[in-house]
Amino acid sequence: MAEIEGLVRALREGDDAAKTAAARQLGFLAFNDAANKALIAKAGGIPPLVQLLRDGSVWGKQWAARALGYLAWSNAANKFLIAEAGGIAPLVELLRDGSAQAKEHATWVLNDLALDDNKALIAEAGGIPPLVELLRDGCAVAMHALRRLTLNNDANAVAIAASIGFEAVVKLARGGSVTVHHWSVVRNAGVPAKRKAALVVAALLRDCVPEFKSAPRDIKAVIGSYL
C-alpha cells in the first residue's frame with residue numbers, strides 16, 4: 001500500500017516526467033490484479049490519472065489511458081469512479097487527437113465504460129464519430145465499443161448509423177442492422193430505433209427533394225411504414 005500511496009502522491013505533486021512514470025507503474029500494478037485495482041482507487045489514484053489524461057504530455061496521456069484501462073477492466077466500482085472524475089471527455093479527445101497507441105488505449109477504456117451506465121455520456125462527449133473512424137481503419141475494439149453503445153439505447157443506434165452515412169441510416173430503418181466492412185455494428189435494433197432512423201431518412205429526403213409528395217415511389221419506399 002505504501003508503494004501505491006507514493007505513486008499517487010507523485011501523480012498529484014510531481015512534474016510531468018514523474019507523473020508519467022507513476023502512471024506507467026500504477027498500470028503495471030493494476031494489470032490483472034483485483035486487489036491492487038481496489039488499493040489504487042482507495043488511495044485516490046483515479047482523479048489524478050484523469051487529470052494527467054487531460055493535461056499531460058503525449059506520453060503522460062498514453063500511460064494514463066493505459067492505467068485507467070487496467071483499472072476499469074472487470075471492476076464496476078472503478079468504472080464509476082473514472083466517469084465521476086470526468087474521464088470520458090478526455091478519453092474521447094484522445095480518440096480524435098492522440099497517438100495511435102493512445103487511441104487504442106482510449107478505445108479499450110471506453111469499450112469497458114460502455115458496459116455500464118455511460119452510454120449517453122460517451123455519445124454526449126462526441127465519442128461516436130471518432131469510434132466510427134477507428135472502425136473504418138480496422139479497429140476491432142471500436143466495433144465492440146459501438147455495439148455496446150447501442151445496447152438498450154435507440155438514440156445511439158441512430159447516431160452510429162448517421163455517422164457512417166445515409167445508406168447505413170436506410171439499412172437501420174429497413175432492417176434494424178448496420179454493418180461496416182464485414183462487421184455488424186448495430187444488430188437487431190427494435191422498432192423504436194427503426195422509427196427514429198426512418199424519421200432521419202424522411203428529413204434528409206425532404207431537404208433534398210423539393211416536392212417530397214411527388215417523389216418517385218422507390219424513394220418513398222425507403223421510409224416504409226414507420227411514418
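The exercises below, each with a worked solution, concern a predicted model.

**Exercise 1.** Determine how helix 5 and helix 8 are oriented relative to each other, and which residues form their contact.

*Solution.* Begin with the geometry: the axes of helix 5 (residues 58–72) and helix 8 (residues 100–113) come within 8 Å and cross at roughly 25°. Because angles under 35 degrees count as roughly parallel, helix 5 is roughly parallel to helix 8. The handedness of this crossing is left-handed. Turning to the residues, helix 5 contributes Gln62, Ala65, Arg66, Leu68, Gly69 and Ala72, which meet Gln101, Ala102, His105, Ala106, Val109 and Asp112 of helix 8. Sorted by class, this contact of helix 5 with helix 8 comprises six nonpolar, four polar and two charged residues.

**Exercise 2.** Decide whether Lys79 is buried or exposed, and list its contacts beyond four places in sequence.

*Solution.* First locate the residue: Lys79 lies in helix 6, which spans residues 76–84. Its relative accessibility is 7%, and since buried means under 20%, Lys79 counts as buried. Leaving aside residues up to four places away in sequence, Lys79 touches Ala72, Asp112, Leu113, Leu115 and Asp116.

**Exercise 3.** Describe the span that the UniProt record annotates as "repeat: ARM".

*Solution.* The annotation, from an unreviewed UniProt entry, covers residues 86–127. In the model, this span is 71% helix and 0% strand, and its end C-alpha atoms lie 14 Å apart.

**Exercise 4.** Identify the buried residues of helix 13 and the residue that follows this helix.

*Solution.* Within helix 13 (residues 166–175), Ala168, Val169, Val170, Leu172 and Ala173 are buried. After helix 13 comes Gly176, with a positive phi near 80°.

Definitions and conventions. Residues are numbered from 1 along each chain as its sequence is written. This is a predicted model: local features need pLDDT of at least 70, side-chain atom pairs count only at pLDDT 80 or more; totals for chains, interfaces and linings use all residues. Side-chain values use heavy atoms; hydrogens and water are left out. Buried means under 20% relative accessible area, exposed over 50%, partly exposed in between (1.4 Å probe, protein chains only). Helices (H or I, at least four residues) and strands (E, at least two) are DSSP runs, numbered from the N terminus. Contact means heavy atoms within 4.5 Å. UniProt positions are given in the numbering used here, feature names are shortened, and annotations may be inferred rather than shown by experiment. Axes are lines fitted to C-alpha atoms, for helices over the stretch in contact, and angles run from 0 to 180 degrees between N-to-C directions. Angles under 35 degrees count as roughly parallel, over 145 as roughly antiparallel, 65 to 115 as roughly perpendicular and the rest as oblique. A crossing is left-handed if the near helix is turned anticlockwise from the far one by less than a right angle, and right-handed if clockwise. Ala, Val, Leu, Ile, Met, Phe, Trp, Tyr, Cys and Pro count as nonpolar, Asp, Glu, Lys and Arg as charged, and the others, Gly among them, as polar.
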